Amino acid sequence: MTIPNTVRRCLEARATPFEVLAHPAAITAAQTAEAAHVSGDMVVKAVALKDRDSVLVALLPASHVLHVADVSRALRRELVLAAESDFEGLFPDCDTGAVPALPLPYEVPTVVEECLFDAPRLFLESGSHRDLVALAGEDFRRLYATSPLLRFSEPRH
C-alpha cells in the first residue's frame with residue numbers, strides 16, 4: 001500500500017488520521033469504487049479543469065457527473081476539462097494520469113462539491129491507481145474549510 005509521499009506528509013503534518021485502502025488497479029473513479037468495494041457516493045474523485053491561465057481541481061463523488069459550466073459560472077472563469085498534458089508535472093509523485101483528491105500540498109486551487117461535506121466518511125483518490133485514502137468526514141471538512149464549496153454535479157443515472 002503506497003500513496004504518494006506528498007499526500008502522506010500533508011496528512012501527517014496536519015495531524016489528520018487516515019487509513020490506506022488498497023484495491024486492484026483502476027483508472028476511472030467508478031472502477032476504483034467497484035474495485036475497492038466502496039459506494040461511489042463515498043469515493044471522492046478529482047477532475048482537473050483549466051482555463052487560459054491555470055489548472056484547478058474539482059472534487060466530487062465518483063457516482064456524480066460534473067457540470068463544468070456550473071463551475072465556470074460560479075467562479076466566473078471559462079473552464080474546460082484539462083487533458084493529461086495540461087497537468088503534467090503538477091503532481092510529480094503521482095501515477096501518470098492520476099489526479100489526487102488531496103491537491104492541497106501541490107498548491108493547486110480546489111473547488112468542492114458541497115454534498116461531500118455531508119458525508120461521515122470519505123475515500124479519496126490518492127494519486128495512485130491502487131490506493132484510496134480513507135478519512136472521517138469531519139477531517140475532510142477541516143482540510144477543505146477554505147476551498148469554495150459549490151454545487152456543480154448530480155448523481156449519474
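This is a predicted model: local features need pLDDT of at least 70, side-chain atom pairs count only at pLDDT 80 or more; totals for chains, interfaces and linings use all residues.
## Ground rules

Buried means under 20% relative accessible area, exposed means over 50%, and partly exposed is in between (1.4 Å probe, protein chains only).

Residues are numbered from 1 along each chain as its sequence is written, and side-chain values use heavy atoms, with hydrogens and water left out.

## Salt bridges

The whole structure has 6 salt bridges (a side-chain nitrogen of Lys or Arg within 4 Å of a carboxyl oxygen of Asp or Glu). In one of them, glutamate 19 pairs with arginine 121, with the closest N and O atoms 3.2 Å apart. That pair ties strand β1 (residues 19–22) to strand β7 (residues 121–125), 102 residues apart (strands are DSSP runs of E, at least two residues; helices are runs of H or I, at least four; both are numbered from the N terminus). Arginine 121 is partly exposed too, at 29%.

Arginine 73 and aspartate 70 also meet, at 2.6 Å, N to O. They sit 3 residues apart in helix α3, so about one helical turn separates them. Arginine 73 is exposed at 58%, while aspartate 70 is partly exposed at 27%.

## The buried side of α3

Val68, Val71 and Ser72 are buried in α3 (residues 68–75). They lie on the same side of the helix because their arc spans only 100 degrees, taken from the directions from the helix axis to the C-beta atoms. The buried residues of α3 pack against β2, β4, β5 and β6 (contact means heavy atoms within 4.5 Å).
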